[in-house]
Amino acid sequence: MFLQQIGALVIRFHRRVEGQLCRNCVNEHFAKTTLITSLLGWWGVISFILTPFFLLNNVIRYLSCLGLKPVDEGSQRGMGLALIAIVIAVGALSLPAYIIIRAIMGGS
């Protein structure tokens, strides 16, 4: 299950993709939901709090699917975009992680 959200100040739009997906579909759905959430998920009060959890969910679920075999041997449809999505998601998670660590350490 991959989660997507778009924050819009006082409302949020969310979407869920779930089911038994092939490796190619996992790549495509992970990339799409994660990229949209990474870029547009932060723009609201509740969304700002939920977005890191959605991104963590997507990355963890994607990594757990890496053992799936592609539909056609040698076919890696969507793999490049999925790798870009992982890099962007980790980058997007870095700022909240830094803020939390600084708050715990006392801001020094």
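What is the handedness of the crossing of α1 and α2? The crossing is left-handed, a term used where the near helix is turned anticlockwise from the far one by less than a right angle. This is a predicted model, in which local features need pLDDT of at least 70 and side-chain atom pairs count only at pLDDT 80 or more, while totals for chains, interfaces and linings use all residues. Residues are numbered from 1 along each chain as its sequence is written, and side-chain values use heavy atoms, with hydrogens and water left out.

The axes of α1 and α2 lie 10 Å apart at an angle of about 160°, the axes being lines fitted to C-alpha atoms over the stretch in contact, with angles running from 0 to 180 degrees between N-to-C directions; helices are DSSP runs of H or I with at least four residues, numbered from the N terminus. The two helices α1 and α2 are therefore roughly antiparallel, the word for angles over 145 degrees. Their contact (heavy atoms within 4.5 Å) joins residues including Phe 30 and Thr 34 of α1 to residues including Phe 54 and Tyr 62 of α2, and divides into six nonpolar, seven polar and no charged residues, where Ala, Val, Leu, Ile, Met, Phe, Trp, Tyr, Cys and Pro count as nonpolar, Asp, Glu, Lys and Arg as charged, and the others, Gly among them, as polar.

Helix α1 (residues 23-40) also meets helix α3 (residues 79-104), their axes coming within 8 Å and crossing at roughly 35°, again in a left-handed manner. Phe 30 and Thr 34 are among the α1 residues in this contact, and Ala 85 and Ile 86 among those of α3; by class, the contact has eleven nonpolar, three polar and one charged residues.

Notes:
Parallel < 35°, antiparallel > 145°, perpendicular 65-115°, else oblique.
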